[in-house]
Amino acid sequence: MTLNTAQAQEGNAESGRAIVANRQQGLCLLCHSAPIPEERFQGNLAPDLAGVGDRYTKYELRQRIADSSAINPSTIMPSYAKTTGLTRVAPAYRDKAILTAQQIEDVVAYLVTLKAADKK
């Protein structure tokens with residue numbers, strides 16, 4: 001799965017943080033915890049996002065968000081950009097990506113700012 005970022009601009013970290021924190025849009029905090037103290041009840045099913053900017057490059061983060069199954073076929077993380085080859089998709093969401101290419105760039109811009117020194 002190749003993410004078409006041709007029309008996406010450089011990501012905005014502030015917008016990316018808002019997407020990560022938003023429980024109706026990104027749903028990241030359902031599984032992950034992150035250094036977003038105002039959001040309570042963060043997940044512990046997936047890796048903590050604190051320090052993720054030290055663990056992965058922009059490219060690696062983008063791939064994990066766009067289609068994590070390309071890295072780990074048994075992942076439970078949704079493919080935020082993929083629209084084909086999916087199962088159990090509600091009719092209202094068929095053929096629609098969870099996030100746009102620009103939103104993915106914004107999330108990546110935020111995640112690369114999360115360094116180990118910022119851990120909770």
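Analyst: Helices, as the word is used here, are DSSP runs of H or I with at least four residues, numbered from the N terminus. Read in that way, this predicted model has a protein chain whose elements run α-α-α-α-α from the N terminus on. There are 5 helices and 0 strands. The radius of gyration is 14 Å, close to the 14 Å that the globule rule gives for 120 residues, so the chain is as compact as a globular protein of that length. Along its principal axes, the C-alpha trace spans about 40 × 30 × 25 Å.

Some totals complete the setting. Of the 120 residues, 35% are buried. The accessible surface comes to about 7600 Å², and carbon and sulfur atoms account for 52% of that area. Among contacts between residues at least 6 apart in sequence, 53% join residues at least 24 apart.

Helix H4 covers residues 58-67, and Asp-67 is found in it. Is Asp-67 buried or exposed? The cut-off for a buried residue is under 20% relative accessible area. Asp-67 has 3% relative accessibility and therefore counts as buried. The side chain of Asp-67 is joined to that of Ser-69 by a polar contact of 2.5 Å.

Ser-68 has its place in the loop between H4 and H5. Its relative accessibility is 5%, so Ser-68 also counts as buried by the cut-off of under 20%. Which residues does Ser-68 touch, leaving aside its neighbours within four places in sequence? Ser-68 is in contact with Gln-63, Thr-75, Met-77 and Ser-79.

Helix H1 may be set beside this part. Helix H1 comprises residues 13-21, and its buried residues are Gly-16, Ile-19, Val-20 and Ala-21. An α-helix has 3.6 residues a turn, so residues three or four places apart point the same way. The buried residues of H1 pack against helix H2 (28-31) and helix H5 (101-111). At the start of H1, a side-chain oxygen of Asn-12 comes to within 2.9 Å of the backbone nitrogen of Glu-14.

Methods. Residues numbered from 1 in each chain as written. Predicted model: local features only at pLDDT ≥ 70, side-chain atom pairs only at ≥ 80, totals over all residues. Heavy atoms only, no water. Helix = DSSP H or I, 4+ residues; strand = E, 2+ residues; numbered from the N terminus. Rg over C-alpha atoms; globule rule 2.2 N^0.38 Å. Buried < 20%, exposed > 50% of the residue type's maximum accessible area, 1.4 Å probe, protein only. Contact = heavy atoms within 4.5 Å. Areas by Shrake-Rupley, 256 points an atom, 1.4 Å probe, with all protein chains shown as cover. Polar contact = N/O pair within 3.5 Å; in protein donor to acceptor, adjacent residues only side chain to side chain.
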